[in-house]
Amino acid sequence: MKIDVLTLFPAMFAGPLDESIVRRARDQGLLELRVHNLRDWTHDRHKTVDDRPFGGGPGMLLKPEPIFEAVESLRGAETHVVLLGPAGRVFRQAVAREFARRPHLLLICGSYEGVDERVRERLADDEVSIGDYVLTNGALPAMVVIDALTRLLPGALGDGQSASEESFSQDCLEYPQYTRPVEFRGLRVPDVLLSGHHAEIARWRASQARRRTRERRPDLLAPEESTPPQPNEPTDPSL
Ligand code: JCQ
């Protein structure tokens with residue numbers, strides 16, 4: 001798949017996306033990532049991307065013209081244009097799976113106090129938040145989205161096992177895991193894991209995962225009672 005990113009801080013993207021599984025997915029051609037500086041679509045000497053809000057108030061807004069020009073030059077017939085910001089639908093594993101199936105994403109990183117509303121109205125197909133906190137700009141959220149969906153691309157994980165075994169792990173937290181040594185600083189690996197009884201091990205793991213989820217994240221077991229309704233994904237007959 002192809003991902004274009006529109007940001008005021010392209011240098012932030014060097015590092016996190018050059019390591020590990022994302023690096024390998026890029027090298028294998030599974031992910032074609034292009035990071036663009038929004039200032040490349042300005043025309044004035046000072047490369048102005050922001051302006052003061054009509055009606056007054058604190059802070060600055062990203063002005064519409066550079067964003068419209070950038071998106072219009074980067075998008076194609078199959079592009080899903082996504083604005084990253086705190087007002088979006090919450091980014092969950094289901095959204096990562098949906099994004100991983102798209103041929104082309106264009107991620108717009110907001111900054112300052114936000115973006116001119118006409119970007120939302122006419123340009124963005126979708127708006128996504130990575131959680132209820134405020135960041136200085138949308139670069140970290142864009143990298144979170146890219147990381148989460150890259151590991152879902154067919155072939156990205158190498159072994160092909162981990163991504164399917166975890167269709168379970170968004171309904172439930174993971175069970176406790178141990179590696180060698182059997183005893184470390186007086187702490188022993190549970191006997192059941194050393195027993196070689198595979199059915200018993202599977203039962204133990206399932207029960208541990210349920211207990212841990214009930215104790216730490218009961219909202220995952222009864223989402224209708226604790227999770228606010230989320231806006232639906234934009235309807236797209238191609239998916
Ligand atoms: C994303 N959770 C928090 C900050 C405005 C679109 O406009 C804005 C974007 C940002 C950056 O994103 C976040 C964020 N998910 O702060 C302000």
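Reader: What volume does the second largest pocket have?
Author: The model is predicted. Rolling a probe the size of a water molecule over the atoms shows where empty space is left. For the second largest pocket, the volume comes to about 370 Å³.

Reader: Which residues lie closest to the centre of the second largest pocket?
Author: The lining of this pocket counts 24 residues. It divides into twelve nonpolar, nine polar and three charged. Closest to the centre are Leu-84, Gly-85, Pro-86, Gly-110 and Leu-135.

Reader: Which strand gives the most to the lining of the second largest pocket?
Author: Strand 5 and strand 7 each supply at least two residues of that lining. The strand that gives the most, with five residues, is strand 5.

Reader: Which residue in strand 7 stands opposite Leu-83?
Author: Strand 5 (residues 79-90) and strand 7 run parallel and are joined by five bridges. Across from Leu-83, the residue in strand 7 is Glu-127.

Reader: Is helix 3 roughly parallel or roughly perpendicular to helix 5?
Author: The axes of helix 3 (residues 93-100) and helix 5 (residues 139-150) come within 8 Å and cross at roughly 75°. Angles of 65 to 115 degrees count as roughly perpendicular. Helix 3 is therefore, relative to helix 5, roughly perpendicular.

Reader: Which residues in helix 5 are met by helix 3?
Author: The residues of this contact divide into six nonpolar, no polar and no charged. From helix 3 come Ala-96, Phe-99 and Ala-100. In helix 5 they meet Val-145, Ala-148 and Leu-149.

Reader: Which residue does a cis peptide bond join to Arg-180?
Author: Most residues other than glycine have a negative phi, and most peptide bonds are trans. Here the bond is cis, with omega at about 5°.

Reader: What is the phi of Lys-47?
Author: Lys-47 sits in the loop between strand 2 and strand 3 (50-51). Although Lys-47 is not a glycine, its phi is positive, at about 50°.

Key. Residues are numbered from 1 along each chain as its sequence is written. This is a predicted model: local features need pLDDT of at least 70, side-chain atom pairs count only at pLDDT 80 or more; totals for chains, interfaces and linings use all residues. Side-chain values use heavy atoms; hydrogens and water are left out. Axes are lines fitted to C-alpha atoms, for helices over the stretch in contact, and angles run from 0 to 180 degrees between N-to-C directions. Helices (H or I, at least four residues) and strands (E, at least two) are DSSP runs, numbered from the N terminus. Angles under 35 degrees count as roughly parallel, over 145 as roughly antiparallel, 65 to 115 as roughly perpendicular and the rest as oblique. Contact means heavy atoms within 4.5 Å. Ala, Val, Leu, Ile, Met, Phe, Trp, Tyr, Cys and Pro count as nonpolar, Asp, Glu, Lys and Arg as charged, and the others, Gly among them, as polar. Two strands pair if DSSP finds at least two bridges between them. On a 1 Å grid over the protein atoms alone, a cavity is a set of points where a 1.4 Å probe fits but cannot get out, and a pocket is an open set with protein on both sides within 12 Å along at least five of seven lines; lining residues have an atom within 4 Å of a point. Grid points are joined across faces, edges and corners, and a volume is the space filled by probe spheres set on the points.
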